Amino acid sequence: MWVICFGFSLGSTKAFWAKGIAVLADYSNRAVGYFAVDYDHQFQFAHKLADAAQALYARLKPVHLGVGPDLYIMRDPPRRLLAHIGSKKLYFQTLGSYQWTEFLTDIIASAKAGIETLGVRLFQRIGFRISAFLPLKMTHAEICDLAFGGYLVPKQDLADVAGPIDDLLVQLYGTRRSLKTRLSIAPQTAAQASASFLVDGNLEAVLEHKWLDPGLREFHERIAADSLWVDIDLYQTEKDSSLLEAFLEEAVPEAMRIIDAAVARLMGTV
Amino acid sequence: MLNRSTTTESSLRPPSPPKASPTYAPVYNVEIRHELGCRPEDSMETRDIVVRPSEYPSLVRVMSRTVAGPAQKLGSPEYLAAIRRRRVAAIRELVADLVSHATREDLAVCTFPIVESIRSLLDKLDDAEAEGNTREILRQLRDTFLDGGWHQYRRPDAREAAVTVLRQLESREPIEPDDVTRAFDVLWKLQKHSLATFPGIGDEDEIPH
């Protein structure tokens, strides 16, 4: 049985700090993406779930189909994509972020088909998240130092509350147009990046064979280095289900823009 | 220096066991020192040590010490480029802000923080191998403020010239010798109008590469 959790990531090797370069376009293979819709369970969902899964399957065309208790699981290793639909949640997860630009049309169409067939009218929560491990060719100490003055007040101004600071985590909550935002930023050592990636669940589901497919191991090797971790979560609550497409069309580019802005602020290219 | 390990060879020879102690075990002290550089890279070094036969069990004590201080040094080209862009942006704002003080008799008071900021940035970039051209441009700009040169910054075209040069330092990556030439041209035109100083003739001996 698959255990479903949440998480994201990015990846490549270009001078993305030059103005106008989209970070995720270069670092898609160092990011993980998530899209989740939560809704209230209804009695009729039990009867409609199979039809909803079939509708989703017909549009997503994944390679593998699985069935769990109260949910259907679709795995598409070639696209490093996982989807599941259940009586309380619709969920997509990707290893990499390119899927959210290359296959966004398929994802939207399949999600809409599943939700409409299930008869969901109101979303408790709809959210899109990207988590990226960005190699900046700097040490953890350097990234940490640049965070001061970039995201935080100068380091010396915090000396009385924290003493010599050697690590940090910044979390910013806000609203951007119709989207609630939660942005987390942290310098990470190789060990920290590895640990934070390895707690992410479900990712083995995007492998063709969890023992033979090296995709996950190679991804882990790429991100296990001093890096800047940027995690952006965009969401709405209590939304009409007809807004699913509009949400994704707004949230996906906005997530990438925010990541660009976060990196630009650190690198001084704002 | 990147990862480097050393072994204290002198301690490899086992001492002679004292005759009064039949259970004495020879002790081999091997000290390994790992010195991490400011640009950490993985490396491995092997060292063969011959432990001579002895009547009693030999004790080999390996002490591994990691010297991590240099690894915390803030000196990678990317880090220093980010520092350059940030500080130059701050200096540019200071120069642009001179417009509100242009008629003050004591304008030098307002240009002093600019000169100090440039000097501070020069100091920060002093050892940066990839920022030699940046240092040259900064020195040229600094010199335009010296020896009464600050007077010219009452004029809008002077301020605009400095801002142009600073924007170049913010947006170009990397800073090339051509950028030094362009900055010189801009500042030279500026100097021709009034000046007491000549850009590029400073008292430092950094050589752009």
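Hi everyone, and thanks for coming. Before we start, please keep in mind that this is a predicted model, in which local features need pLDDT of at least 70, side-chain atom pairs count only at pLDDT 80 or more, and totals for chains, interfaces and linings use all residues. Residues are numbered from 1 along each chain as its sequence is written, while chains are lettered from A and ligands numbered from 1 in the order in which they are written.

Let's begin with chain A. You can find nine helices and ten strands there; helices (H or I, at least four residues) and strands (E, at least two) are DSSP runs, numbered from the N terminus. The radius of gyration of chain A is 19 Å, close to the 18 Å that the globule rule gives for 270 residues, so chain A is as compact as a globular protein of that length. That radius is taken over C-alpha atoms, and the globule rule is 2.2 Å times the number of residues to the power 0.38.

How much of chain A is buried? Buried residues make up 44% of its 270 residues. By buried I mean that 20 or more other C-beta atoms lie within 10 Å of the residue's own; exposed is 12 or fewer, partly exposed is in between, and the C-beta atoms are placed from the backbone. As for contacts in chain A with a separation of 6 or more, 72% come from residues 24 or more positions apart. Two residues are in contact if their C-beta atoms, placed from the backbone, lie within 7 Å.

Now please look at helix α4 of chain A, residues 104-118. At 1.5 Å a residue, its 15 residues should span 21 Å, and its end C-alpha atoms are 21 Å apart, which agrees. The expected span is 1.5 Å times one less than the number of residues. Buried positions in α4(A) include Ile107(A), Ser110(A), Ala111(A), Gly114(A) and Leu118(A). A quick reminder about helices: an α-helix has 3.6 residues a turn, so residues three or four places apart point the same way.

What covers the buried residues of α4(A)? The cover includes β2 (29-38), α2 (45-60), β5 (81-86), β6 (89-95) and α9 (244-267) of chain A. After α4(A) comes Gly119(A), with a positive phi near 85 degrees.

Helix α2(A) has its own buried residues: Leu49(A), Ala52(A), Ala53(A), Ala55(A), Leu56(A) and Leu60(A). They pack against β4 (71-76), β5 and α4 of chain A. Just after α2(A), Lys61(A) has a positive phi of about 50 degrees.

On to chain B. Chain B has five helices and two strands, running β-β-α-α-α-α-α from the N terminus. Of its 209 residues, 26% count as buried. Residues 24 or more positions apart provide 77% of the chain B contacts with a separation of 6 or more.

The helix pair I'd like to show you is α2(B) and α3(B). Two packed helices are described by the angle between their axes and the distance between the axes. Here the angle is about 160 degrees and the axes are 10 Å apart. Axes are lines fitted to C-alpha atoms, for helices over the stretch in contact, and angles run from 0 to 180 degrees between N-to-C directions. The two helices are therefore roughly antiparallel to each other, a label for angles over 145 degrees. Residues making the contact include Val115(B), Ile118(B) and Leu122(B) of α2(B), and Leu138(B) and Leu141(B) of α3(B).

Is Leu141(B) buried or exposed? With 24 C-beta neighbours inside 10 Å, Leu141(B) counts as buried. Outside four places in sequence, Leu141(B) touches Ile118(B), Ala162(B), Val165(B) and Leu187(B).

Over on α2 of chain B sits Ser117(B). Ser117(B) is partly exposed, with 18 other C-beta atoms within 10 Å. Leaving out residues up to four places away, Ser117(B) touches Arg87(B), Ala90(B), Ile91(B) and Leu94(B).

Last stop: His101(B), in the loop between α1 (77-96) and α2 (107-124) of chain B. His101(B) is partly exposed, with 14 other C-beta atoms within 10 Å. Its C-alpha atom is separated by 8.1 Å from that of Arg154(B), 53 residues apart along the chain.

Definitions and conventions. Parallel < 35°, antiparallel > 145°, perpendicular 65-115°, else oblique.
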